[in-house]
Amino acid sequence: GAFTEQQEELVNSSWEAFKGNLSQNSVTFFKLVLEKEPGAKDLFSFLANGVDPNNPKMAAHAEKLFGTVRDAAVQLKTKGEVVAEAKLGSVHIEKKVTDPQFAVIKEALLKTIKEAVGDKWNQELNDAWEQAYNAMAAAIKKAMA
Ligand code: HEM
């Protein structure tokens, strides 16, 4: 169904919570990614030696990734569809990113948001992020095609 103003607000407020503790949330996220997909350490240069909380590149990447999904929520609300920048297509082609990896990143993102918001978490909030993620993932895959 259509993406509602309330859903956009849920994503926006939890995006602020995510950024408010960016360093710790980035650690949570990339630990979850590595648990499910050990090969990710060869994809992300900053994971070569595992999760290093002091590597600013890791937090910077998490901020970009989560911010891009948040942008998808804004696009869904304002125009009802999501378009990815062409560069996002080429970056992910170059890294040979696969469909199963998109599922791993989604699961890790949703769990990280759950931790980031604590007792503010609910199913609607989760579903809003999932809808935004799915739409951005589809847009990136389209840009990769
Ligand atoms: C790079 C977002 C899925 C692996 C990036 C960048 C963004 C991004 C914003 C930075 C591009 C730039 O430098 O301008 C996303 C979003 C995803 C997604 C929103 C899902 C909706 C994935 C998946 C993988 C992946 C599933 C594989 C596990 C990478 C890698 C880079 C990258 C390896 C390059 C990192 C580097 O060397 O700097 N992604 N990504 N991404 N992404 Fe994704």
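Tutor: Residues are numbered from 1 along each chain as its sequence is written, and side-chain values use heavy atoms, without hydrogens and water. Because the model is predicted, local features need pLDDT of at least 70 and side-chain atom pairs count only at pLDDT 80 or more, while totals for chains, interfaces and linings use all residues.

Student: How do you know how many helices and strands the chain has?

Tutor: Helices are DSSP runs of H or I with at least four residues, strands are runs of E with at least two, and both are numbered from the N terminus. The chain has seven helices and zero strands, in the pattern α-α-α-α-α-α-α.

Student: Why is the chain called as compact as a globular protein of that length?

Tutor: The globule rule is 2.2 Å times the number of residues to the power 0.38, and the radius of gyration is taken over C-alpha atoms. The rule gives 15 Å for 145 residues and the chain has 15 Å, so the description applies.

Student: Why is Asn126 called buried?

Tutor: Buried means under 20% relative accessible area, exposed over 50%, and partly exposed in between, using a 1.4 Å probe and protein chains only. Asn126 has 13%, so it is buried. Of the 145 residues of the chain, 43% count as buried.

Student: Where is Asn126, and what is it in contact with?

Tutor: Asn126 is in helix 7, residues 123–144. Contact means heavy atoms within 4.5 Å. Leaving aside neighbours within four places in sequence, Asn126 is in contact with Leu110 and Trp121.
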